[in-house]
Structures are given as C-alpha cells and as structure tokens.
Amino acid sequence: MENTITIKQRLLEAFNVVYLHGVAPRIFFAGGRVNLIGEHIDYNGGHVLPCALDLGTYVAIRTRHDQRKVYHALGATGDWDKYPRGVVNAILQAGYKLNSGFDLLVGGDLPLGAGLSSSASLEVATAFALSSTFGLDIPLVEIARLCQKAENEYVGVNCGILDQFAVAMGKDSQAIYLDTNTLEYEYVPMNLGEHELLIFDTKKKRELASSKYNERRDECEQALKCIQRDGVPNSLASAGDLIDSITNPILYRRAKHVVSEEARTKKAVALLKCCDLGAYGRLMNLSHLSLKNDYEVSCFELDTMCEQLWQCDGVLGARMTGAGFGGCVIALVKKSVSESVVERVLAAYKDITHLEGLCYRCTVGGEPREI
Ligand code: GLA
C-alpha cells in the first residue's frame with residue numbers, strides 16, 4: 001500500500017495537471033471501515049461495532065473565484081461524482097452556505113466497491129473538506145448524518161448510519177460501539193495482543209447488493225409490523241422472544257438473525273473489554289452463519305473464504321463484513337502464523353473459486369483529518 005506522503009504527492013501533482021497551477025490545494029482524509037460485528041442491524045435499531053481503517057479517501061480542494069463546482073477523480077470511473085454532489089446537496093439543504101465554487105480532486109488507497117465503504121469514505125472526506133475549507137464547523141456526528149442523507153436521497157441506497165458514523169467518528173486503535181436507535185456511542189479499545197485483524201477481499205463483484213439490501217430492509221419492516229402493538233417493541237433488534245409469533249418462515253428467519261446478532265454484538269463488546277479474544281472469535285463465526293443461513297446475504301465466495309479460514313490453526317474467528325453478496329471477510333488471526341494462513345487460504349480460495357483474492361492488514365485508523 002502507498003503511504004500517506006506518496007498519495008499526497010501524487011494528488012498534488014495530478015491537481016496541477018487537471019486544474020493548472022495556482023494556490024496549492026488543501027488535502028483531507030477519511031478512512032474506510034470494517035464492521036467487527038452487528039451486521040444488518042443498523043436499520044433495525046440495533047447495536048453495531050465498526051472501526052475506521054487507515055486505508056481511505058483523500059480529497060484535494062481549492063476554492064474558485066466563481067460559483068462552479070468541478071469534480072475529478074484519479075482511478076474512479078462511472079458516475080462516482082454522485083457521492084460528492086450528494087454531499088454538497090445535503091450540506092446546502094441543511095442551511096450551510098458555500099460562498100464560492102471549488103475544484104476538487106479525489107484519490108486514495110481504499111479498494112473501490114470491495115465492501116469497505118469506499119462510498120461513505122468519499123462522502124465523509126468531501127463533507128469534512130468542505131466544512132474545513134468554508135469554515136462551516138459541522139460537528140462530526142452531523143457530518144455522518146448528512147452523508148447518510150446524501151446516500152439515501154441522492155445516490156438512492158437506503159443504507160443505515162453504520163458506515164458514515166464509523167468513518168466520521170473513527171479513532172486510532174478504537175472500535176465504536178454504537179446504538180443506532182439513539183446514536184449514543186462508546187469507544188472500545190482494540191487490544192488484540194498477539195493477534196491481528198486481517199481483511200480478505202473475495203474480489204467477487206457485489207452485483208445484487210443494492211436490490212437485495214432494499215429487499216432485506218422491507219422484510220424487516222414487515223416482520224416488525226407482525227409483532228408490533230401500540231409502538232412496542234420500537235425496533236426489531238429489541239424484539240427478543242416476541243419474534244416467535246411470526247408465522248411467515250422467511251420473515252421469521254430474518255427477525256431471528258436480527259435479534260441474535262443484537263445479542264452477539266452486546267456480548268462481543270463485553271468480551272473485547274476483558275480481552276477474551278477466543279470467545280469473540282467464536283461469535284464472529286456464529287455471526288457469519290446467521291448471515292448465511294437466516295439472513296441470506298452471504299454468497300459462495302464469502303462462505304468459501306470463511307470456511308478456509310476456519311480450518312486454519314491460529315484463526316480465532318472469521319466472518320463476512322458489510323452488506324454481503326461479495327466484498328470482504330475479516331478474520332482474527334495469531335500474528336505468528338498470519339503469513340502462512342494468508343498464503344494457504346488465498347491459494348485454496350483460488351483453487352475453489354478461480355478468483356484471485358487479496359489480503360489487507362487492518363490498521364484501525366484515525367478520524368477525518370487534514371493531511
Ligand atoms: C451496508 C450499509 C450499512 C449496513 C451494512 C450491513 O454497509 O451501508 O448501513 O446496513 O451494509 O451491516
């Protein structure tokens with residue numbers, strides 16, 4: 001991976017080519033994220049446990065003398081600019097004023113579309129860059145909300161707050177235990193001792209992700225309607241045994257995942273606080289199985305990667321992370337064997353799926369910042 005200085009240099013040089021020389025732009029960073037546990041429950045009022053990554057998005061920005069807003073990106077194609085445009089829209093709608101136009105150039109080292117929240121990273125980096133450049137002083141929690149709004153209303157993905165909150169509120173070596181119902185949160189130190197978190201990219205394109213994502217959200221809303229009386233329970237994550245009365249088998253299994261994942265997340269936080277990594281690892285495995293069997297958002301490639309990891313000595317746990325249907329697996333692995341685990345798992349994965357998987361070391365990254 002390129003380091004920050006190299007990326008900054010590359011971005012500055014590219015900026016001068018794209019926008020011509022002038023006052024040097026300012027450069028801002030926001031990371032990607034992985035979710036340690038608490039999957040698909042952020043839109044069900046549950047608890048989640050993500051952390052930000054030190055891989056992320058860099059935004060170079062310079063104000064203009066006119067009102068034009070110009071967007072360019074290194075290495076991104078298609079309609080990527082809907083993310084920064086959506087953020088500008090959300091910021092203006094919230095009543096903030098941008099007193100001039102700007103030139104913006106985006107780069108970074110986060111793999112795009114791999115399920116590490118490249119979109120939330122781009123949104124938060126843009127919002128933070130605009131907030132700093134135009135002196136808006138938008139609090140980070142509000143940045144997270146505005147970016148979620150941009151994604152829901154402008155980009156059209158009905159996501160919860162998990163990704164944007166993790167990226168906006170990330171801290172070095174800390175996971176964030178977030179109650180998505182109240183937005184109360186607490187930092188949980190990542191004391192992994194002789195273990196480390198590895199991210200395995202399946203390289204499987206996440207084609208079905210947004211249609212199936214919205215389908216799961218609908219199913220959860222229907223499941224809640226089956227059991228809710230006079231507004232109680234107020235969320236599916238807090239429904240507990242009430243879900244036993246759901247007669248539709250599909251809705252029941254969706255609800256079962258949500259309620260059990262909520263319980264696993266609460267347990268995981270307690271275990272991480274007392275450094276019981278073995279027990280946390282077992283919860284990761286159970287979380288994956290629940291996402292596979294009850295919530296049905298895994299896929300052959302994610303399952304294969306996990307199964308290969310589960311067979312290795314020194315692997316405490318492994319699970320898919322993010323929306324699913326492709327993307328990444330995270331694994332908690334003993335440092336002394338991690339190299340051989342990576343080699344063995346990626347080779348077996350390739351034999352079975354014919355895909356070249358990849359592994360990233362997961363360094364839990366810091367907050368959005370100016371570089
Ligand atoms: C995507 C969404 C998040 C969350 C996860 C699943 O990353 O953007 O809001 O729902 O999937 O946990």
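This is a predicted model: local features need pLDDT of at least 70, side-chain atom pairs count only at pLDDT 80 or more; totals for chains, interfaces and linings use all residues.
Two residues are said to be in contact when heavy atoms of theirs lie within 4.5 Å of each other.

The secondary structure of the chain comes to 10 helices and 12 strands. The radius of gyration is 21 Å, close to the 21 Å that the globule rule gives for 371 residues, so the chain is as compact as a globular protein of that length. Along the principal axes, the C-alpha atoms fill a box of roughly 60 × 55 × 40 Å. Of the 371 residues, 57% are buried. The chain exposes about 15600 Å², and carbon and sulfur atoms supply 49% of this area.

The buried residues are E301, L302, D303, T304, M305, C306, Q308 and L309. Which elements cover them? Among them are the strands β8 (195-201), β9 (315-321) and β10 (328-334), together with the helices α8 (277-293) and α10 (338-353).

Strand β8, one of the elements that cover α9, contains H195. With a relative accessibility of 13%, H195 counts as buried, because the cut-off for burial is under 20%. Leaving aside residues up to four places away in sequence, H195 touches L277, L316, L332, V333, K334 and K335.

The cysteines may be considered next. How many disulfides does the chain have? The count comes to zero. The nearest cysteine sulfur to C147 is that of C159, 10 Å away, and C147 is in no disulfide. C147 is buried, with a relative accessible area of 0%. For C359, the closest cysteine sulfur is in C328, at 9.7 Å, which is too far for a bond, because a disulfide requires two sulfur atoms within 2.5 Å. C359 is partly exposed, with a relative accessible area of 22%.

The backbone also deserves attention. Most residues other than glycine have a negative phi, and most peptide bonds are trans. The peptide bond from V232 to P233 is cis, with omega near -5 degrees. P233 is placed in the loop between α6 (209-227) and α7 (249-273).

The other two places concern phi. S173 is not a glycine, yet its phi is positive, near 60 degrees. This residue is found in the loop between α5 (162-169) and β6 (174-179). S173 counts as partly exposed, at 41% relative accessibility. K203 likewise is not a glycine and has a positive phi, of about 65 degrees. The loop between β8 and α6 holds K203, and the residue is partly exposed, with a relative accessible area of 42%.

Methods. Residues are numbered from 1 along each chain as its sequence is written. Side-chain values use heavy atoms; hydrogens and water are left out. Helices (H or I, at least four residues) and strands (E, at least two) are DSSP runs, numbered from the N terminus. The radius of gyration is taken over C-alpha atoms; the globule rule is 2.2 Å times the number of residues to the power 0.38. Buried means under 20% relative accessible area, exposed over 50%, partly exposed in between (1.4 Å probe, protein chains only). Accessible areas come from the Shrake-Rupley method with a 1.4 Å probe; for residues, only the protein chains shown count as cover.
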